[in-house]
Amino acid sequence: MIVQPEKFLFPLLLVLLSTLMACSKPEPTLEERLAQAQSLQDTGELAEAIERFEALSSEYPERVDILESLAFAYIEADQQLLAGFTFTTIAEMVESAPEYRIYAAESFASANDRDAMLEQYRAYLQEAPNDRSIWIVLAETLDEAGNRSDALDAYLRVDRLRADGATRIRIGQLYLQADNLSQAQNWFARALNDFPHTEEEALYGLFETAWLSRRFADAEQLLEALEEINPERVDESELADAKEQLREWRRRQDEAAAAAAAIAERREREEAAEPFDVDLAEAARATEPEDTETEARQRERPPRETETTPDTAEDDLRVRARAAFSRGDASEAVRLFRQALVDHPDDATLWRQLSDAALQTGDTGWAQAAASEALRLDPDNPRTVLQYIRANSDQWASDRWLREMESAYRRFPRTPEIILHLARGYLSLENNRRSARLLFDEFLRIAPEDHPERPMVEAERRRL
């Protein structure tokens, strides 16, 4: 009997196939692969772990848990930029979880990518606008970067959410840096009123704003209060020289007061001796001017134009400088006027306007120097003469100031501003009410009806 092989071949193949299937291992599940990658990370095999997480995220791009594990593996491997980008991807996938943007921002911060960090903090705050702690981080980061305007906005948001003394002090300091002295004073005062523990810093800020605003009497009082708390505070600051300058100012004030008192006493004794006790306009035309320092300068150079009006298209610097001064930004105006003078060193108007702007910033050195140059270039302009007197008034004794003003009045008897300055000088320095009345009347007679000082002068005149 012949046995056919086909009858045995098929069962044999079945046995072999069953054996092979029993011996082969099944493919690992997703959870098992994740566990393997996590195990590699736990044992410090970060490169292999990251490789596996990256492969899994490519296969399952919608799985947030895989991306999160990958991001933290990047952090552990000090690949901060990759971690930041991965957290950003998660945040975009899961809009209901903006906290991933904080993780992204912190990763970018570790990678020294400030712009990316700020972008993530801002994106987070759009979703969570009342998170005060992140507003503080944003404000401090912008502050450190020198972005004063945006830092100020962030600190103001912090204060609106919940005020604290340190934030208010910093807001005041930022306004001070921006030369916004009124706002700086406001925030220092608010810190002092609401948070007594900020007293030293708040008083120093108020002292600085008073000094820069040339409110020397206020600065003197604030300095006294500050030194009761910490006598070394000002000495160790950038305003150390201000103490000596305030002492000098006080000395001059006392001298002026003593001189005024002596003049008043003398006038009481000398009934007939009273300057300008006649019609002042006639006296000005009849009297030769004294040879004062102001007038002596007019012989140094021939007269020039009294004003210049630059074409806007030709000289943008001059236009920008005057615009800055008009809007109250005196520090910016000083910077622009000085730049403009490089190309226009003989422009007397620019020198006078630089002096005026410098005087408003408290820089008396520049104010006096610029006024002197303006007077040298344009000695016959009453506005230039008046600015020269204003710039030097803190350095002159009261009798010197009166001599210069009387001389200016003789030269320019129909200039309302000079008349007004002299009238108020007679009243405050000599209590010479008769001469002040005559000058106020003269001002009201010749000044335009829309002159901004007219209402004030009318009120002052009625009180005499």
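**Figure 1. Overview of contacts and folds in the whole protein.** Residues 24 or more positions apart account for 51% of the contacts in the protein that have a separation of 6 or more. Please keep in mind as you browse that this is a predicted model. The protein has 25 helices and zero strands. Buried residues make up 44% of its 464 residues.

**Figure 2. A look inside the largest nonpolar core.** This core has 56 residues. Which residues have the most contacts inside it? They are L138, I171, Y175, F207 and L246. Helix α12 (residues 199-212) gives the core its largest share, seven residues. Apart from this core lies another one, of 49 residues, and V334, A391, W396 and L429 are among them.

**Figure 3. The surroundings of Y175.** Y175 is one of the residues with the most contacts inside the largest nonpolar core. Leaving aside residues up to four places away in sequence, Y175 touches L152, L156, N180, Q183, A184 and W187.

**Figure 4. An edge-to-face pair between F85 and F108.** The structure holds nine aromatic pairs, and here we zoom in on one of them, formed by F85 and F108. Their ring centres are 5.3 Å apart, with 70 degrees between the planes, and the pair is edge-to-face. F85 lies in helix α5 (residues 80-93) and F108 in helix α6 (residues 99-110), so the pair ties together parts that are 23 residues apart in sequence.

**Figure 5. F72 in a ring cluster and a surface patch.** F72 is found in helix α4 (residues 64-76). Ring pairs link F72 with F87, Y100 and Y103 into a cluster.

**Figure 6. A salt bridge within helix α3.** The structure holds 28 salt bridges, and this view shows the one where the side chains of E48 and R52 meet, at 3.1 Å from N to O. Both residues lie in helix α3 (residues 46-59), four residues apart, which is about one turn of the helix. E48 is partly exposed, with a relative accessible area of 31%, and R52 is partly exposed as well, at 33% relative accessibility.

**Figure 7. D143 and R170 bridge two helices.** As a friendly reminder, side chains of opposite charge can pair when their charged atoms come close. Here the side chains of D143 and R170 meet in a salt bridge, at 2.6 Å from N to O. D143 lies in helix α8 (residues 132-144) and R170 in helix α10 (residues 165-177), so the pair ties together parts that are 27 residues apart in sequence. D143 is buried, with a relative accessible area of 17%.

Figure 8. Where do the two partners sit? D347 is in the loop between α18 (330-343) and α19 (348-361), and R318 is in helix α17 (residues 316-326). The pair links distant parts of the chain, 29 residues apart. Both D347 and R318 are buried.

**Figure 9. A salt-bridge network.** D159, R168 and D194 are connected in a network of salt bridges.

**Figure 10. Two loop residues with positive phi.** D78 has a positive phi of about 60 degrees, although it is not a glycine. D78 is found in the loop between α4 and α5, and its relative accessible area of 57% makes this residue exposed. N112 also has a positive phi of about 60 degrees without being a glycine. The loop between α6 and α7 (114-127) holds N112, which is exposed, with a relative accessible area of 72%.

Technical notes: Residues are numbered from 1 along each chain as its sequence is written. This is a predicted model: local features need pLDDT of at least 70, side-chain atom pairs count only at pLDDT 80 or more; totals for chains, interfaces and linings use all residues. Side-chain values use heavy atoms; hydrogens and water are left out. Buried means under 20% relative accessible area, exposed over 50%, partly exposed in between (1.4 Å probe, protein chains only). Contact means heavy atoms within 4.5 Å. A nonpolar core is a set of buried Ala, Val, Leu, Ile, Met, Phe, Trp, Tyr and Cys residues joined through side-chain atoms within 4.5 Å. Rings of Phe, Tyr and Trp (its six-membered ring) pair if their centres lie within 6.5 Å; planes under 30 degrees apart count as stacked, over 60 as edge-to-face and the rest as tilted. A salt bridge is a side-chain nitrogen of Lys or Arg within 4 Å of a carboxyl oxygen of Asp or Glu.
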